[in-house]
Amino acid sequence: MMEKGMKKSLFKNELSTLNSYVPGKPIEEVQKEYGIEKVIRLASNENQLGPSPKAIEAVKREIENINIYPDPGCMELRKALGKKYGLPYDNIVCGNGGEQVLQVIAQTFINSYDEAIMADTTFTILGISVEHMGGKSVKVSMDGYKQNFKGFIANINENTKLIYICNPNNPLGNIATKDEVNYLVENVPENVVTIFDEAYYDFARVDSDYPDSLEILKNRPNTIVLRTFSKITGMAGLRIGFAFTSKEIATEMSKVKGTFNVNRLAQAAALGALQDEEHINKTVKMNYKSLGMMEECFESLGLEYIKSNANFIFVNVEKDSKIFSEELMKRGIVVKAGNIWGWNTWLRVSTGTVEQTETFLNILKEVFIQQI
């Protein structure tokens, strides 16, 4: 029995040092804060073309069944994914968005004192998920604007359990090439699990130098490839992601994921979206049109940017990113300030429609030329 006056923490120890993920500001909040009606949110890498029409129709058909629990194994969806990508369905795990899949990975593998290696500028959830489980996220300094795979290899020790490769890397948007990834994989011990976070796969695969991670999986069972319906098919609000891996790893991950972790509407919408190649192609085309417009503008202003194969771009505005992003927000444009990653003069800007991109660039020029 605890003596009077003694204190005991109510919460998991790791929460005392764990930082929260910083999401993009909701449109409604910006409207209320600044008293403006029209807001364009280019902060969260959402598909501005909207969801696949076939996904919408699937949701409409399924909505009458929401009184019934969803298929806990996402069997139909996993079979459809397996057919599309040439893998058995029992090599696939579905989750409540890519974020949950990453949490399940950490819950499956990480014990106290286990280590996971990743870039020091990458998707924040990677480190958060590991540290929440009591593990250590080993963050390797960038090699310029690239993930430093030599540094990854140099940090491998007996405690290393996982290596995360975010490809394209978020927030920078650039890819790790075939040669770079092959070098890493060839130098990582077989008992270390390599995780490819490919949330932006459908945008990046148009680049001939983008690696085929599923081919790596065929030859290296301790591999996980993460993808999502949030970006390319415009289903961020339904939360559904998936992972390809070995049957052994998929079996263990399935013990952790939760029984009904993917709802009925999300499963139905995903099946519809898989049949809509036209929407995927339109999204990719719109994405690279928007990127091209931004690149042309940045070059005209003399601003440094990182060549992107994702649906966002990282640009150096040469001024305090927090203040600069607030000035944009006052004018109805929401972007992500780079200071949250320690890049204090950079902005991450999501792509949009041609009209949205034109509006953003006009406002960017206005803010850039004024004294902040």
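**View 1. Helix H4 lies across strands E2, E5, E6, E7 and E8.** In this predicted model, H4 (97-109) runs at about 160 degrees to E7 (223-228). Strands E6 (193-197) and E8 (241-244) are also among those that H4 lies across. Contact means heavy atoms within 4.5 Å. Axes are lines fitted to C-alpha atoms, for helices over the stretch in contact, and angles run from 0 to 180 degrees between N-to-C directions. Helices (H or I, at least four residues) and strands (E, at least two) are DSSP runs, numbered from the N terminus. Residues are numbered from 1 along each chain as its sequence is written. The model is predicted, so local features need pLDDT of at least 70 and side-chain atom pairs pLDDT 80 or more, while totals for chains, interfaces and linings use all residues; side-chain values use heavy atoms, with hydrogens and water left out.

**View 2. Seven strands form an open sheet with mixed pairing.** The order is E2-E8-E7-E6-E5-E3-E4. E2 (92-95) and E4 (136-140) are the edge strands, and each pairs on one side only. Two strands pair if DSSP finds at least two bridges between them. Neighbouring strands of this sheet are turned by 20 degrees against each other on average, direction ignored.

**View 3. E3 and E5 run parallel.** The two strands are joined by 3 bridges. Ile-117 has Ile-163 in E5 as its bridge partner. Strands of a sheet pair through backbone hydrogen bonds, either parallel or antiparallel.

**View 4. Asp-114 and Lys-161 form a salt bridge.** Their closest N and O atoms are 2.8 Å apart. The pair links distant parts of the chain, 47 residues apart. Asp-114 sits in the loop between H4 and E3 (115-119), Lys-161 in E5 (160-166). A salt bridge is a side-chain nitrogen of Lys or Arg within 4 Å of a carboxyl oxygen of Asp or Glu. Asp-114 is buried at 12% relative accessibility; Lys-161 is partly exposed at 21%. Buried means under 20% relative accessible area, exposed over 50%, partly exposed in between (1.4 Å probe, protein chains only).

**View 5. Glu-327, Lys-330, Arg-331 and Glu-366 join in one salt-bridge network.** Glu-327 meets Lys-330 at 3.1 Å, N to O. Both lie in H13 (321-330), 3 residues apart, about one turn of the helix. Glu-327 is buried at 16%, and Lys-330 is partly exposed at 42%. Glu-366 bridges to Arg-331, with the closest N and O atoms 2.7 Å apart. Glu-366 lies in H14 (354-369), Arg-331 in the loop between H13 and E11 (333-334).
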